[in-house]
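Let's take a friendly walk through the charged side chains of a protein model. Have the viewer ready, and follow along as we go from pair to pair.

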Amino acid sequence: MFLSFGLLVMTAGQLALVHSAAAQTVQNDEKVEPPRPVPGDVMRHWPAYPDDARAAGQEGTVVVQLRVTASGAPEDIVVLNSSSVVSLDVAAVAAVSRWRFEPGKRGGVAQDMTVSLPIRFSLPDEEQQQPNSKQP
């Protein structure tokens, strides 16, 4: 009888370990959806091309990193990779700070998540060839 009880406890312990491992697997396999900017906000608050950069014919890509809260608000926005043009970097951060986001989700539950976004500043070909020309 004592051996049977010992076997039962061991089986229950093994079962608990298997259940624990299965729970971790489910957590690790949960679907993760990254945060995404709300398209309407992106269109309304697209970064304005800084006049100094436009006049100098400067272009570049700024990669900003930010935390998107579970409610969709951008926080802690930093320049992860600079365009090497300060005014472009500043314009990118200012624009992204006005965007709203669809929050990231893990297993269908909204959570704070960090995301990196590239913002590309490029001029039409005619402005690249004549960097000092004034635009109407």
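What follows is a tour of salt bridges and of how exposed their partners are.

Please keep in mind that this is a predicted model. As background, side chains of opposite charge can pair when their charged atoms come close. How many salt bridges does a search of the whole structure find? The search turns up six.

Start with Glu-102 and Arg-36, whose side chains form a salt bridge with an N to O distance of 2.4 Å. Glu-102 belongs to strand β5 (residues 101-102) and Arg-36 to strand β2 (residues 36-37), so this pair ties together parts that lie 66 residues apart in sequence.

One partner is Glu-75, at 2.2 Å from N to O, and another is Asp-76, at 3.3 Å from N to O. Arg-67 itself is partly exposed, at 25% relative accessibility. Glu-75 is partly exposed as well, at 30%. Asp-76 counts as exposed because its relative accessibility is 55%, and the cut-off for exposed is over 50%.

Which residues make up the network of salt bridges around this site? Arg-67, Glu-75 and Asp-76 are linked in it together with Asp-112.

Definitions and conventions: Residues numbered from 1 in each chain as written. Predicted model: local features only at pLDDT ≥ 70, side-chain atom pairs only at ≥ 80, totals over all residues. Heavy atoms only, no water. Salt bridge = Lys/Arg side-chain N within 4 Å of Asp/Glu carboxyl O. Helix = DSSP H or I, 4+ residues; strand = E, 2+ residues; numbered from the N terminus. Buried < 20%, exposed > 50% of the residue type's maximum accessible area, 1.4 Å probe, protein only.
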